[in-house]
Amino acid sequence: MNGPFYINGWIGEEASLIFALVIGVAFGFFLERAGLGSAKKLAAQFYGTDMTVFKMMFTAIVTAMIGLFWLDLFGVMNLELVYLTPTYLAPQLIGGLVFGVGFIIGGYCPGTSCVAGATGSLDGWMNVLGMLSGILIFGELYPLLEEFYNATPMGELTLDDYFQLPSGVMVFVLVMVALAGFWASGKIESKTPSKNEFKS
Amino acid sequence: MLRAILNKRENPDPYWNPYLCGIGLGLVLLITFLVMGRGIGASGAMTSMVAFGVDSITPSHAEANEFYKGYLGDGTVSPLKDWLVFEVLGVLIGGFISGLFAGRSSKKIEKGPNLTTSRRFLFAFIGGMIMAFGTKLARGCTSGQALTGGALMNAGSWVFMISLFAGAYLMAWFVRRLWI
């Protein structure tokens, strides 16, 4: 096998779009199954009553991260060819804080608002409308924001490069961090009485 | 017809185990990397829609803006014929199917017990606006940065992820009346 297939020309443009649709269906399905189409469940993450967001997100990250490591190691795919968003430290730090504030006010992130809307949540659709407006505002202000948007560029940078560790060691460290987080999540949930009636 | 489709059952199925769903989502992400050489996303599709909208109304205005231009391409293909637009279309379908079979699909408004519907709509809208702004500054959202970049051990994605949790936890106390 010689991945990534699209980059190596094994599948074409049209097929990639059909693949996108299928991947999206699976993505939306798992988000809804875990309960992440519910604003109350998402918000509960930040009041310590339900750690589903953290648990699901970090399980997914760790699963894909370990998978990528093995696929690359056994030569199934070339990790070098996977697109890596360049790091811009300041706008990504500030962007994250702003995102977090918007997340707890609105109750959704971009993907989950779509899932909420698809299951009939009108507040989910309001959130999507808000996002479209926010993007438009950002676009209109872009000439003013451009300088900060491109500030502190660090290029394509991975954590193992930054800490100068072998990638396998970095994967191991992050898996340990995730496991510690899962253990702490259980502790936090058992200490805070759940007010969330959606909890199963 | 719509009422027949949107059938919320008295006792909807319980949610699946978050770790199990996480493994499922992680495998979906891994297959995407293997097949496409890129990860998943969500906010990028909405940006394509906005860029398409601006370009349809006032093409000269869109052309003069580097931000929109990045999503419009060279003009030979529609900005809506985009990988992420198709993926998000799938997300809507997948979420709908899951909710339907679990008996969770119905017209509803999710809000804290002390909030009126109109105020919930207002805050859902404002929250979306703020979040989108953060997303664009950071070059991605929870899908495109946190999940995708997280799995790639992308330094900027981990910074984004940590600061998004920090921002939400810091803000949570101030807006507790929205949810508790």
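## Finding your way around

Helices here are DSSP runs of at least four residues, numbered from the N terminus. With that in hand, welcome to this predicted model. In chain B, Met153 can be found in the loop between α8 (142–151) and α9 (155–172).

## Backbone spots to look at

B:Met153 has a positive phi, near 55 degrees, although the residue is not glycine. B:Met153 is also buried, at a relative accessible area of 7%.

A:Gln164 belongs to the loop between α7 (159–163) and α8 (167–191) of chain A, and with a relative accessible area of 72% A:Gln164 is exposed. Next, look at the segment before α1 (13–34) of chain A, where A:Pro4 lies. A cis peptide bond, with omega about 0 degrees, connects A:Gly3 to A:Pro4.

## Aromatic rings

Over all chains, the structure contains 24 aromatic pairs. One of them is the stacked pair of A:Phe5 and A:Trp10, with 5.2 Å centre to centre and 5 degrees between the planes. A:Phe5 is buried at 12% relative accessibility, whereas A:Trp10 is exposed at 52%.

The planes of A:Tyr142 and A:Tyr149 stand at 75 degrees with the ring centres 5.5 Å apart, so this pair is edge-to-face. Both of these tyrosines, A:Tyr142 and A:Tyr149, are buried. Ring pairs also join them into a cluster with A:Phe138, B:Phe67, B:Tyr68, B:Tyr71 and B:Phe133.

## Arginines over rings

B:Arg139 sits over the face of A:Tyr149, 3.8 Å from the ring centre. Within chain B, B:Arg176 lies over the face of B:Trp173, at 4.1 Å from the ring centre.

Definitions and conventions. Residues are numbered from 1 along each chain as its sequence is written. Chains are lettered from A and ligands numbered from 1 in the order in which they are written. This is a predicted model: local features need pLDDT of at least 70, side-chain atom pairs count only at pLDDT 80 or more; totals for chains, interfaces and linings use all residues. Side-chain values use heavy atoms; hydrogens and water are left out. Helices (H or I, at least four residues) and strands (E, at least two) are DSSP runs, numbered from the N terminus. Buried means under 20% relative accessible area, exposed over 50%, partly exposed in between (1.4 Å probe, protein chains only). Rings of Phe, Tyr and Trp (its six-membered ring) pair if their centres lie within 6.5 Å; planes under 30 degrees apart count as stacked, over 60 as edge-to-face and the rest as tilted. A charge sits over a ring if NZ of Lys or CZ of Arg is within 6 Å of the ring centre and within 35 degrees of the ring normal.
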